[in-house]
Amino acid sequence: QNEEKWDFVLVSNIHEMGSEKEIKRKKFLDELSKKGFTIKKIEDTKLFYGVRAPQHIFRKYQCLLRNPDSRQQNSNAHHDVPVTTRIRIVHFILQNTVTSDLEKLRDLMKKKVFEAAFPLHEKEEVREFLKEKWARWRVMFKQQPIEKIRCYFGEKVALYFAWLGWYTYLLVFAALAGLVTVVAGTTVFSSSQVSKEICDANTTIMCPLCDQKCPFWVLSDTCTYAKVTHMIDNEATVVFAMFMAIWATVFLELWKRERATVVTDWDLYGWDEEEEELALELINNLQHEPRLYQHSYFRSTIVLILVLLMIVVLIGIAHALVVYRVVAMALFTQSHLELLREHANTMAVMTGAVLHYITIVIMTKVRSHTGSRALLPFLEKPRTFSQRENSFTMKIFTFQFFTNFSSLIYIAFFLGRINGHPGHYVRIAGRWRLEECHPSGCITDLFIQMGIIMLLKQTISNIMEYLIPWISHHLRKKRKRPKKRSMMLGEEEEAEDPCKRQWLNNYELNEVNVFSLFNEFLEMVIQYSFTTIFVAAFPLAPLLALLNNIIEIHMDAIKMMRLHRRMVPRKANDIGIWLQVLEAIGILAVIGNGLVIAITSDFIPVQVYKYMYSPCSRENRTGMDCSTGYINNSLSVFRIQDFEPHTSVPDMLQEFDGDQIKEYRDYRNADDYTYTVQFWHIFAARLAFLILFEHVALCVKLIAAWYIPDVPQKVKNKFLGKKHTNLCKELRWVLPWEV
């Protein structure tokens, strides 16, 4: 039975004898044979080559690193070398074996000499356990068997699931806080003084929302929208934003502790990736010379310019979405459908959000099919695979971040602030005027945009992520095999070989690549960004993320165990550069939420009004709500005769005269439309709040980071005891007269 264990399988098309591809294939297999590899060929519709490494390779590995992973389970009779370690070593040798034509396996696969190379899902105890106790929907709420995952997929995958499980667990607290915030908002749904004033403002006439065919309208028409806005935009939101800033820090600090405990149990706390890679290079080639570190300011400058160009392109796409919303708003307001006319602003926001989601999907596909994986690393020439992966991670995360957030940044901080005022609107191409905020504020637009994108990403994207591999796998399985072909000269037919069915079953699974796990991490980190950065505008984000992650963990498990070929295990003792990305997102979350409350929210203007302009500021009225009169105070007067010449002034509403029309969310003088003193008071208060909020939040983050040690005491004490024991052993070798 032991003889039928194979480390890797290479798959090739059946080429004609003497063809260039057949000669290249033979040269590569000959090189493997020279290194002592056992090779077994099985012929079906393709040629399958089973590859098994000689034992001396693994003995070299054990001697070089003095860490045979003896504690890890799932080690069979191969001299106690775990299967994951065997696969990793063999994969490295296969990828770095050079033929006489100076070609590696990667080059041969590009030239279609080989079609695939993969380790096998074998019928072993650990796999059966994971299929039954992990990769099933019915065990959705049970704890993950991280140790078993490590034994089968290696440390890198195990740490991903450990991190995802920890993130999901702590999301429970964030989701509850978000839920409490929304519930607190619903209690003031109808009782908010500000929304009451909007609902009662049936004599306040507002300026038309577009230049042609848009009527004057009554402020009270937006009563429901105002109630929804103040359900999100209230004092509880400020507290929740501060809570989420602390939560992000506590999550990362607790993860560092969890990671330290886990990798200590695996004896990998002090593991050196560079030493591991050098050892594998020497095992593959004793004459190997280490590749030296290189740095070129010229290359770095080119990379920086390319990254900046990429960001400019993504900002350009965000501008295109802005143009769409402006044009859509103009078209909807002129529609023959009454429903579309009345809700033109909301429809423009919602269709803009859907278009933004489609843009995200398209740009993600573009990213995955472009040569960015090859181009930028080629320019930078990273020394190790880990450095290449880190470089790639930073650039692709930047790409995805701007793809996802550029439109949200516009809505949060620019919408309604750069559009001018009646009589002097800012226009696109001199024709379409920029959007205004809703009379009750811009935060609802941000709420709608985030809600739609998160819901679509977590439904359609996840369904496609699961269905495409599932359909692909079943289509490959159902392809009819051709009848047995006549044997070619010099080839043996092994139709009844017990390995044949197993190799075919593995070949029929979906392909995995070195970036498969990267894509899973990227998806989760982008979700973490949504959950933290603009969470003040969308308190339900943590709840949606929690529900998504419960499904995501087991969907990923099912894909890895049942739908995809086995991943090549990778050794790791942390989640790599993703931790630094998460810490950067934590800082962006403080800045983002501070800006949302200071700029997007109506929180600051209301507070300024309460303490400087309300009746409460002039006399002591204990029985009055101090925000009484806020709406009327926040509207500026506009004279109809000052409309721009090409604006089609609509007929005045019945029962109203046309002397004065008011516009919302601006503080301008009635005579010359310059900003009032109150505008500058609010502006100063916004800046003061932003500085105060960010400094307090960052101080609290620093205190939390100091208060929670990165490494638990038991881990430190374990290493202390180990060092002491090792020193005592060394002393025993010292002769008595030398002591």
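This is a predicted model: local features need pLDDT of at least 70, side-chain atom pairs count only at pLDDT 80 or more; totals for chains, interfaces and linings use all residues.
Helix 7 spans residues 155-187, and helix 20 spans residues 541-563. The two pack with their axes 7 Å apart. The angle between them is about 160°. Angles over 145 degrees count as roughly antiparallel, and helix 7 and helix 20 are therefore roughly antiparallel to each other. Their crossing is left-handed.

On the helix 7 side, the contact comprises Val157, Tyr160, Phe161, Leu164, Gly165, Tyr167, Thr168, Leu171, Val172, Ala174, Ala175 and Leu179. Helix 20 meets these residues with Pro542, Leu543, Ala545, Leu546, Asn549, Ile550, Glu552, Ile553, Asp556, Ala557 and Met560. By class, the residues of this contact divide into 18 nonpolar, three polar and two charged.

Helix 20 also contributes to a pocket. It is among the helices that each supply at least two residues of the lining of the second largest pocket. The others are helix 14 (344-369), helix 16 (385-413), helix 17 (443-478) and helix 19 (516-532). Helix 17 gives the most, with 11 residues.

The second largest pocket holds about 1,400 Å³ of space. It is lined by 41 residues. Closest to its centre are Thr364, Lys365, Glu465, Asn519 and Glu523. The lining has 15 nonpolar, 16 polar and 10 charged residues.

Notes:
Residues are numbered from 1 along each chain as its sequence is written. Side-chain values use heavy atoms; hydrogens and water are left out. Axes are lines fitted to C-alpha atoms, for helices over the stretch in contact, and angles run from 0 to 180 degrees between N-to-C directions. Helices (H or I, at least four residues) and strands (E, at least two) are DSSP runs, numbered from the N terminus. Angles under 35 degrees count as roughly parallel, over 145 as roughly antiparallel, 65 to 115 as roughly perpendicular and the rest as oblique. A crossing is left-handed if the near helix is turned anticlockwise from the far one by less than a right angle, and right-handed if clockwise. Contact means heavy atoms within 4.5 Å. Ala, Val, Leu, Ile, Met, Phe, Trp, Tyr, Cys and Pro count as nonpolar, Asp, Glu, Lys and Arg as charged, and the others, Gly among them, as polar. On a 1 Å grid over the protein atoms alone, a cavity is a set of points where a 1.4 Å probe fits but cannot get out, and a pocket is an open set with protein on both sides within 12 Å along at least five of seven lines; lining residues have an atom within 4 Å of a point. Grid points are joined across faces, edges and corners, and a volume is the space filled by probe spheres set on the points.
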